[in-house]
Amino acid sequence: MTAALKRLAGWFIAPAAEAERPVTARTVVASVTAVGVLGRGSAATVAATAIALTAARRARTRCALVCRWTGEEPRAAADGSALPAARALAGRLQARGLEARACGRLVAVDLPAAATEARAAIERAWAAAGEVPVTVLVAGARPAELDGVLGALDRLVVVPPPGAPAALEELAVTDAARVGRAATVLRVAPSPVARALARGGLIVPPALRGPVARVLEGRDA
Amino acid sequence: MRERLRDESGQALVAVLIVLGVVLLLAGGLGAIARALSIQGEHARAADLAALAGARAMLEAQPRLFEPAVIDGRLNPRHLGKDEYLEIGKRAAEETARRNGAQDVLVSFPDSDELAPRRIVVTVRDAIKVGDKRVPGKAEAEAEVVVVTAPSVGASLAGEYRGPLVERQGELMRPDVALAFDRMAAAAAKDGVHLLIESAYRSDAEQAVLFARRPDPKWVAPPGKSLHRLGTELDLKPPSAWPWLRRNAQRFGFVQRYSWEPWHWGYVRSPGSRSVGFGAPDGKRAVPSFVPDWLAPILRRASQRWGVSAALLAAQLYQESTFNPFAKSEAGAMGIAQFMPETARAYGLRNPYDVEQAVMAQAHYMRDLLGQFGSVPLALAAYNAGPGNVRRYGGIPPFPETQSYVASILALLGGAGHPVLGAGLEVRLVR
């Protein structure tokens, strides 16, 4: 039908009523909103940042929370430049006495060295963060006290050091399974650009987008 | 000259001593303030953890509030009165606060007038020692049970389905799911797409066998963790049908459960662990035990007519009017289903005080809302606050009444053995 015919038909035929579009802001599809990352070094830090940002995008939240346990006492650090939502969440967590700071779309909470204290801090931060996705980075020998909280997460991701042998990966995955959650492997060799993007806390490094999507879906990458 | 020097050095020494004294005093004062802040931080931590523990205990105990007090003429030991329920929350909070070093603890429940209170406030009032003095301290935390409309994949799931099952293509499923599948398969066939069922209902026992064969949670869900135990889930093939399903399945009440499983479709229009409207003709078996006998057949008919769970309709009526056909709210809502005049008109409800008419209109309205929002909590929120508000907020509106309405109905359904999939109750720190 030509445009002229369409216009002519429009004089005689009422246009069909526009169907009401279903609301898709929240679906009943289960989402991955809590992820544990096991690994040390910059590879694990970059992976945790990328996972947190991806989970936030999928959950349609304005920021994400990353709780970091290194086995060392946290050092005081100032906020970086951050979005208002991240700053607000960091402020709420600081008011509870947690070592939180905002950077980009992320709020990082540095956990106390003592594992029981760290566990309490994770529980408090998670409960106070509302619907914001939570990523727990365990960057050190995993203490048994953290197993309970890791078992309550949706996914566990093992980040081996770049170039690690397959046997080490397998050992890490088997060990992670002790907490009762399936673990997947995310192999990351972060470039200086990826590290810089991770520090900014705003953008997922392009090279990591595919691998992170795969591990959030429960597949190795 | 020497004397003068000695005198001056003597004066300097006094000055140095005074400065040192002031510095020491200041350091002592700062140390005391730092200690006080640290103690205040510990109190805040104790209050947070206690509020969380109390709210978690309430979340766990909440379904027992809605269990029948008497079963077959005998007292039901699982049933909890509201006072006992609040006591459970209070005890858990107090014990946790003490374990974390707090002694003077006050626990209160701001919404204790509600059907199922879900908020708890813990105040730690231990004094803080600053130097030799004790100053009154106060750390307060509030936790509440909230509805989560997109539960995490790690959330605990509803119980195994134990009602009647029917067969389609050699696979078992709930009867209402089968009817919905029939309609969907017919529509797909008209478009030249033939839906095949790969897998449907799997009991916990069957899942245990599968898991034993391959005990890796990455590939096989452990028993008790698979949605297939609910009788609402279908694994559909061939892959060429998946695009059609993505475009059309929601019209028939099916949603894709996980973005990474294009074959896995779950029926969400009729939540509950029992098939609705397919029990005995009296309707009693299809509805929870808290429903009065006179209402059960009406619910059964409405449920079958509009394909909405009788348990959901019943829980809603209980929350709306406690089954009082003549209820009238201050806002002007009328009858057992508490229809506002304009909504009643839109659904052709002439007499909102007529139970049969009102329940039919309620089921019709809920069918529409479930179709529109694809989620039980959102449909409930829309029934209470209006669909416009749910759209505006992109979720359950942050109105205390609506939040409480949705949480109470979900808890009521859970307590009656009809937990809602696609909705979860979680504990959050709100203050």
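Me: Where does Gln169(B) sit in chain B?
Reply: Gln169(B) is in the loop that links strand 8 (166-168) to strand 9 (171-173) of chain B. Bear in mind that this is a predicted model.

Me: And what's the phi of Gln169(B)?
Reply: Positive, about 50 degrees, although Gln169(B) is not a glycine. Most residues other than glycine have a negative phi.

Me: Which class does Gln169(B) fall in for accessibility?
Reply: Partly exposed, because its relative accessibility is 45%.

Me: What about Thr322(B), what's its phi?
Reply: Thr322(B) also isn't a glycine, and its phi is positive at about 45 degrees.

Me: Where is Thr322(B), then? And is it buried or exposed?
Reply: Thr322(B) lies in the loop between helix 7 and helix 8 (341-346) of chain B. With a relative accessible area of 51%, Thr322(B) is exposed; the cut-off for that is over 50%.

Me: Switching to peptide bonds. Is the one from Lys237(B) to Pro238(B) cis or trans?
Reply: It's cis, with omega near 0 degrees. Pro238(B) belongs to the loop between strand 11 (233-237) and helix 5 (242-248) of chain B.

Me: OK, helix packing. At what angle do helix 9 and helix 10 of chain B cross?
Reply: Roughly 125 degrees, for helix 9 (residues 355-373) and helix 10 (residues 376-385) of chain B, and their axes come within 8 Å. That angle makes helix 9 of chain B oblique to helix 10 of chain B. The crossing is right-handed.

Me: Which residues meet there, between helix 9 and helix 10 of chain B?
Reply: From helix 9 of chain B, they include Tyr365(B), Met366(B), Leu369(B) and Phe373(B); from helix 10 of chain B, they include Val376(B), Leu380(B) and Tyr383(B). By class, that contact has 11 nonpolar residues, 1 polar and no charged ones.

Me: How do helix 7 and helix 10 of chain B cross?
Reply: Helix 7 (residues 310-321) of chain B crosses helix 10 of chain B at roughly 35 degrees, with the axes coming within 13 Å. That crossing is right-handed. Leu312(B), Gln316(B) and Glu320(B) of helix 7 of chain B contact Val376(B), Leu380(B) and Tyr383(B) of helix 10 of chain B. Those residues split into 4 nonpolar, 1 polar and 1 charged.

Me: Last thing, the whole chain. How many helices and strands are in chain B?
Reply: Chain B has 12 helices and 14 strands. Of its 431 residues, 51% are buried. Chain B exposes about 20400 Å², and carbon and sulfur atoms supply 55% of that.

Methods:
Residues numbered from 1 in each chain as written. Chains lettered and ligands numbered in written order. Predicted model: local features only at pLDDT ≥ 70, side-chain atom pairs only at ≥ 80, totals over all residues. Heavy atoms only, no water. Axes fitted to C-alpha atoms, helices over the stretch in contact; angles between N-to-C directions. Helix = DSSP H or I, 4+ residues; strand = E, 2+ residues; numbered from the N terminus. Parallel < 35°, antiparallel > 145°, perpendicular 65-115°, else oblique. Left-handed = near helix turned anticlockwise from the far one by under 90°. Contact = heavy atoms within 4.5 Å. Nonpolar A, V, L, I, M, F, W, Y, C, P; charged D, E, K, R; others polar. Buried < 20%, exposed > 50% of the residue type's maximum accessible area, 1.4 Å probe, protein only. Areas by Shrake-Rupley, 256 points an atom, 1.4 Å probe, with all protein chains shown as cover.
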